[in-house]
Amino acid sequence: DGGLKEQRENLENKQKRLEEDIALLDTRKKVEQSKLDEVLAEESVYRLKALEIRGKKREIEENKNTTLEDLTRGLLNYRYTGLNFDKDRNGGLIFIFTKIDPNEESREFTFALNLNENHLYELTACNPKLDTSRTDVLLSNLNSDRDNGLNSLIVGMRKLFKATL
């Protein structure tokens with residue numbers, strides 16, 4: 001009986017150690033599952049952020065393409081109407097009109113536009129010379145309405161040049 005009792009105790013001790021090992025493994029499994037769940041949740045958040053960023057990038061690219069197309073179309077329209085641009089020595093912009101004089105379509109009518117130290121636009125050159133009281137009104141409109149003033153200035157200057165004929 002002593003041998004059986006000893007074997008029984010050994011088996012019970014092994015069973016107890018196995019149960020402890022199982023409990024320890026279950027605890028580790030729960031901890032690892034918890035970590036895995038956190039990682040999966042984090043991955044899900046990052047996937048959503050990535051999708052959102054891709055969507056914003058696509059939107060920016062589309063807007064950039066639209067803007068580029070609009071600028072190209074606008075530039076072609078200006079060129080068709082005989083408007084060209086150049087840069088002056090002071091960093092300003094020179095507007096060059098042609099197709100104003102029906103007798104000489106290539107004749108150039110020009111004006112230069114610069115920003116002064118007060119961040120206001122001013123005419124620094126004009127050929128042929130125009131009535132400053134009329135150009136001052138156009139400049140005032142440009143300086144007070146930066147969104148639409150440039151278009152008004154260009155159209156107004158073209159009309160003033162045409163009136164010199």
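Predicted model: local features only at pLDDT ≥ 70, side-chain atom pairs only at ≥ 80, totals over all residues.
In the loop that joins strand β2 (93-97) to strand β3 sits Lys99, a residue that has a positive phi of about 60° although it is not a glycine.

Helix α2 covers residues 132-144 and helix α3 covers residues 149-163, and their axes come within 8 Å of each other while crossing at roughly 165°. Because an angle over 145 degrees counts as roughly antiparallel, α2 is roughly antiparallel to α3. The crossing of these two helices is right-handed. On the α2 side, the contact is made by Arg134, Thr135, Leu138, Leu139, Asn141 and Leu142, and on the α3 side Gly149, Leu150, Ser152, Leu153, Gly156, Met157 and Leu160 take part. Sorted by class, the residues of this contact comprise seven nonpolar, five polar and one charged.

Two of the names in that contact, Leu142 and Leu150, return in the lining of the largest pocket. Rolling a probe the size of a water molecule over the atoms shows where empty space is left. In this model the largest pocket holds about 160 Å³ of space, and its lining also includes Asn90, Gly91, Gly92, Leu93, Leu113, Asn114, Leu115, Tyr121 and Arg146. Strand β3, residues 109-115, gives the most to this lining, with three residues. In terms of class, six nonpolar, four polar and one charged residues line the largest pocket.

Notes: Residues numbered from 1 in each chain as written. Heavy atoms only, no water. Axes fitted to C-alpha atoms, helices over the stretch in contact; angles between N-to-C directions. Helix = DSSP H or I, 4+ residues; strand = E, 2+ residues; numbered from the N terminus. Parallel < 35°, antiparallel > 145°, perpendicular 65-115°, else oblique. Left-handed = near helix turned anticlockwise from the far one by under 90°. Contact = heavy atoms within 4.5 Å. Nonpolar A, V, L, I, M, F, W, Y, C, P; charged D, E, K, R; others polar. 1 Å grid on protein atoms, 1.4 Å probe; cavity = no way out; pocket = protein on both sides within 12 Å on 5 of 7 lines; lining within 4 Å. Points joined across faces, edges and corners; volume = space filled by probe spheres on them.
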